[in-house]
Protein chains: 2
Amino acid sequence: MLRLDLANVLSERIGPKGIDWPSALAAHAQRLEAARDALWQRKSDPAEFLGWIDVPEDTETLRRVLRFREAQAWVEDLVVLGIGGSALGAQAVAAALGKGPVRLHFVDNVEPEPILELLRKLEPHKTLVNVISKSGSTAETMAAFLAFRRWLEDRLGPDWKRHVVVTTDPAKGVLRPYAQAEGLPAFEVPRAVGGRFSVTCPVGTLPLAFAEVDLENLLAGARKANEQARAALEHNLPAQTALLHHLFSQKGQNIVVFMPYSTRLRYLPDWFVQLHDESLGKMRDRAGQEVRTGTTAVRAIGTTDQHAQVQLFREGPHDKLINFVRLLNPSEDLEIPAVRGLEALDYLFGKSFFKLLDAEAKATAHALAKAGQPNYTLTLEQLDAYHLGWLLQHLMWQTAFLGELWNINAFDQPGVELGKEYTYALMGRRGWESLAQELRAEGVE
Amino acid sequence: MLRLDLANVLSERIGPKGIDWPSALAAHAQRLEAARDALWQRKSDPAEFLGWIDVPEDTETLRRVLRFREAQAWVEDLVVLGIGGSALGAQAVAAALGKGPVRLHFVDNVEPEPILELLRKLEPHKTLVNVISKSGSTAETMAAFLAFRRWLEDRLGPDWKRHVVVTTDPAKGVLRPYAQAEGLPAFEVPRAVGGRFSVTCPVGTLPLAFAEVDLENLLAGARKANEQARAALEHNLPAQTALLHHLFSQKGQNIVVFMPYSTRLRYLPDWFVQLHDESLGKMRDRAGQEVRTGTTAVRAIGTTDQHAQVQLFREGPHDKLINFVRLLNPSEDLEIPAVRGLEALDYLFGKSFFKLLDAEAKATAHALAKAGQPNYTLTLEQLDAYHLGWLLQHLMWQTAFLGELWNINAFDQPGVELGKEYTYALMGRRGWESLAQELRAEGVE
């Protein structure tokens, strides 16, 4: 069960900042149905980058991933070299559901000190390096790969090849021919799957197999979200949440807070931030008109951020739509014990931690509604692979629906190109000399 | 050295979204000087909560903290029970500068599963629990304390008292009398210091002493920021950065991105988010007028978020002011090695990781400026205790200056009260029965 509670966005609850849901849904039914039908129809065209819809059906690839993992029983440390979409999904799911004994390390930056610290700590003969880059040209990932590749060979000699597994494009790019030439095991990022939509393909599943996550159920949950995304509007959860985001962005709310009530879900907002921001922050629509779309996703964790951000959420400007994520049931619970001398806290004695967590979540949502701050809650029956897979795929669908409503391409990222070119110029790459000169003239060197 | 580079907020660089700095500074000189003088004058009044200005001068308390830490050589795991301002500062500094061998664990939520996991992992006779709450009534912190307190006594008997250290109000609240009655070691949160301004007092320094952070230099850096905050405007860094925030909030930029280029600084944005949001997100000004102030701080890490948020920062709406934090020098560096078969990446061969990190930072700032997105950079000479202490205190001063410019109380948090009351009601606390009934009538239970 993945349930949407939208009481706290309704005018009757939050006053003039609210909406009338039945009439809003009716008014947008045609556009939402058109969006749904367009997405399902375009899915077979690889150029549309809708491959993520079908990936959860691909149980054959999952079996290959699991067989590979079983064959590497010697691994004690898995180093994932990847950045952005090549790291955030696995990181979020591993934090939520991962179990030992293999330790996962995500190298998603090029700051030298943490890389040196990790290299000093690892034992090469117990370490597997999973380099993840679709193009094989991501500077950060490849710089790290060069360093780890050299480190492995320096310590293990020709045996380094047993310690690298590649996840990359099926045919193109730098890493595929390299893996073939060196005889390295390699998995595919399907052609029509972009980084931020890749958690259910080997980009996510290979690291997560080493974290002992129940991947069959993760994919089954994602398929459940697909089922909802195909349904009529009254059962189409992502169409509904996309509409909420659309309506409030039209009202001027340019901030979207994503706030799960769970420390285990602490990296889920980071994954959502990328999915949402990179997909929907676009200068031009599909017709080439300048539109500058995009609401800014903000990370928060409950209850923790009640003591950090909620003051602003409640008393600050009405510029936010807040999306809470709650769990209906804990996996296990703990009683808050009575302690003599601390009777001032006796209202906690004998209650459970989960009850307190849940009360805080409800209290905060209600207090925000009282201040006219719109918020809605997605409730997961429990935090397991099935429901997390469902939620991840739901959020991908929500993003795709929003892209349709705003008539933008939610699957590219043209705005990061110029920064890459400047980096090439500043790094002295051949062919970028004139840009380097231009930058020097502008005082950047 | 802590340097401000504001070239990328100027009209000549970013066009119509930019400002003319000399004239803006001149136009606001009087208000900024008045703000500075008011803050320094009010500092002696405990009711003004400006105690954080003088805390870095208090080397006597620091010596007590260090003596306490030395006397606990047996500690292998330090568990910090605290939430919001009672955790974020120590967490940020420990991630940046902390060294083993003591492992730090921050319990800042009440989700049962992570607490159970931690309790199963810890060895009680090697564990010290530092409970941090000024009032001793924070539900999350105290629920966790009840659980850890009981766990220690169950396993260690009367010896549990050696395993708890309390950080709380000098006189008031629940924990001070409890510590006295039980004979527990206790440190003070000075009366005039609020949670989000507490990193240089024992709230921060006690855990950081166990992380082997150079606290003398952390405090020396904070004193350096005080020196600047007292100076004339042309040398007053926090007055200047506060003015930048003020000017862009007036232009409609309601989002502030805080983006250090460093994985070691990965928790610094979380600390800043609380400092900024909770201080400045206020419904009423000091005259009681409804004002709804507050810009929303957004966490980002470079280069990592170039692959997550920068697409939106560049192509999305002009609703952000971006604050980069960069390091001028690495502590140590690593060369990117050449690898045969990967010559497509030869522009990286022989370059250093820090050079790549630095090039990406400059490239991103420049690419954002080209898109008319205002951004400024604070550069630290290096990442050490002195410069981090300077930066932390600088940001506290910036926040205080902004509070003055907006005529709000930056040191309270009235907006979190209602949520606390709802929580009491939902937890069945005595005295809150009628509110509980009200909530039930509204469908919340």
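**Notebook: core, interface and one proline**

I started with the core of this predicted model. The largest nonpolar core holds 327 residues. A:F148, A:W271, B:F148 and B:W271 have the most contacts inside it.

I then picked B:W271 and listed what it touches, leaving out residues up to four places away in sequence. The list runs B:L88, B:G89, B:A92, B:R196, B:V199, B:L392, B:L395 and B:M396.

Next entry: the interface. How much area is buried between chain B and chain A? I read about 10600 Å², with carbon and sulfur atoms giving 62% of that. Chain B puts 121 residues into the contact, and chain A puts in 121 residues.

I looked up the charged pairs as well. Twelve salt bridges are counted between chain B and chain A. One of them joins the side chains of B:E442 and A:K370, at 2.7 Å from N to O. On the side of chain B that touches chain A, helix α13 (residues 353-370) of chain B gives the largest share, twelve residues. I sorted that side by type: 56 nonpolar, 32 polar and 33 charged residues.

Last entry: B:P238. I located it in helix α10 (residues 237-250) of chain B. Is B:P238 buried or exposed? B:P238 counts as buried because its relative accessibility is 0%, and the cut-off for buried is under 20%. Beyond four places in sequence, B:P238 touches B:Q228, B:A229, B:H394, B:W397, B:Q398 and B:F401. I also checked B:T399: it lies 161 residues from B:P238 in sequence, yet 8.3 Å away in space, C-alpha to C-alpha.

Technical notes
Residues are numbered from 1 along each chain as its sequence is written. Chains are lettered from A and ligands numbered from 1 in the order in which they are written. This is a predicted model: local features need pLDDT of at least 70, side-chain atom pairs count only at pLDDT 80 or more; totals for chains, interfaces and linings use all residues. Side-chain values use heavy atoms; hydrogens and water are left out. A nonpolar core is a set of buried Ala, Val, Leu, Ile, Met, Phe, Trp, Tyr and Cys residues joined through side-chain atoms within 4.5 Å. Buried means under 20% relative accessible area, exposed over 50%, partly exposed in between (1.4 Å probe, protein chains only). Contact means heavy atoms within 4.5 Å. Buried area is the accessible area (1.4 Å probe) that two parts lose on being put together, summed over both. A salt bridge is a side-chain nitrogen of Lys or Arg within 4 Å of a carboxyl oxygen of Asp or Glu. Helices (H or I, at least four residues) and strands (E, at least two) are DSSP runs, numbered from the N terminus. Ala, Val, Leu, Ile, Met, Phe, Trp, Tyr, Cys and Pro count as nonpolar, Asp, Glu, Lys and Arg as charged, and the others, Gly among them, as polar.
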